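Please consult the sequence and the structure shown below while reading.

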Amino acid sequence: MTKSESPGEKSVVLTFDDGPSRLLPKFLDVLKKENVPAVFFWQTRLLHPKRPWQRVLDEGHMIGSHTVKHRNLVELTQEEQYKDIKNSIATIEHITGSSVRFFRPPYGQFNADTLEVTERLNVTPVMWKIASMDWELKTDPEQLIANVTEHLEDGAVILLHELPQTLEALPGLISAIKERGYGFKLL
């Protein structure tokens, strides 16, 4: 897959947290149809060889760590954070054979210990500029789309999740972003 972006074009980054879920193949179908790359931040307790991780990589997407079990890092010691993030990265790399370069802290919660750990592990923490609020909008895909499109700016990282309501809204969201003159890129 090539980036859906031209030189000088404004672009955004779609990111999906909390997978890999059973819905992943359907998310990938939409992204492939729209020729849109994305970054998936996965909890490795959900990653097993039967998940279509190879398709994610083959279709030009990226996989980052979202810890093992989505624990709030600020409630952990530095050593506990280190073990969790290191184990998550090791699992992704072992299963996929691909290096992990990016990390997203669960709940967007981190502290100085987290930053020291990510530096030691040579991964870049990635937050977001636009939260879709998809986890709260189970019955309102139009509001999910509005939450994103009303705050678009060049280079914005958009927070989405592998949820049924997000899947339902995704084609409309991609169209709305494109209509506003934005392309899509990876980190």
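Ala156 counts as buried because its relative accessibility is 1%, where buried means under 20% relative accessible area, exposed over 50% and partly exposed in between (1.4 Å probe, protein chains only). Ala156 sits in the loop that connects helix H5 (141-149) with strand S7 (157-161); helices (H or I, at least four residues) and strands (E, at least two) are DSSP runs numbered from the N terminus.

When neighbours within four places in sequence are set aside, Ala156 is in contact with Ser11, Val12, Val13, Lys129 and Ile130, contact being defined as heavy atoms within 4.5 Å. Phe184 is 28 residues away from Ala156 along the chain, and the C-alpha atoms of these two residues are 9.9 Å apart.

## Basis of the model

The model is predicted: local features need pLDDT of at least 70, side-chain atom pairs count only at pLDDT 80 or more, and totals for chains, interfaces and linings use all residues. Residues are numbered from 1 along each chain as its sequence is written, and side-chain values use heavy atoms, with hydrogens and water left out.

## Overall fold

The protein chain contains six helices and eight strands. Read from the N terminus, the order of its elements is β-α-β-α-β-α-β-α-β-β-α-β-α-β. Of the contacts between residues at least 6 apart in sequence, 73% join residues at least 24 apart.

The C-alpha atoms fill a box of roughly 45 × 35 × 30 Å along the principal axes. Buried residues account for 51% of the 187 residues in the protein chain.

## Nonpolar cores

A nonpolar core is a set of buried Ala, Val, Leu, Ile, Met, Phe, Trp, Tyr and Cys residues joined through side-chain atoms within 4.5 Å. The largest has 46 residues, of which Leu14, Phe16, Leu31, Phe40, Ile158, Leu170 and Ile177 touch the most other members. Helix H6 (residues 164-179) gives the most to this core, contributing seven residues. Apart from this core lies another, of seven residues, among them Val39, Phe41, Met62 and Val157.

Beyond residues up to four places away in sequence, the residues that Leu14 touches include Leu31, Val36, Ile158, Leu170, Ile177 and Phe184.

## Charged side chains

The protein chain carries 22 positive and 26 negative side chains, and the centres of the two sets lie 6 Å apart. Lys and Arg count as positive and Asp and Glu as negative, while His and the chain ends are not counted; each charge is placed at NZ of Lys, CZ of Arg, CG of Asp or CD of Glu.
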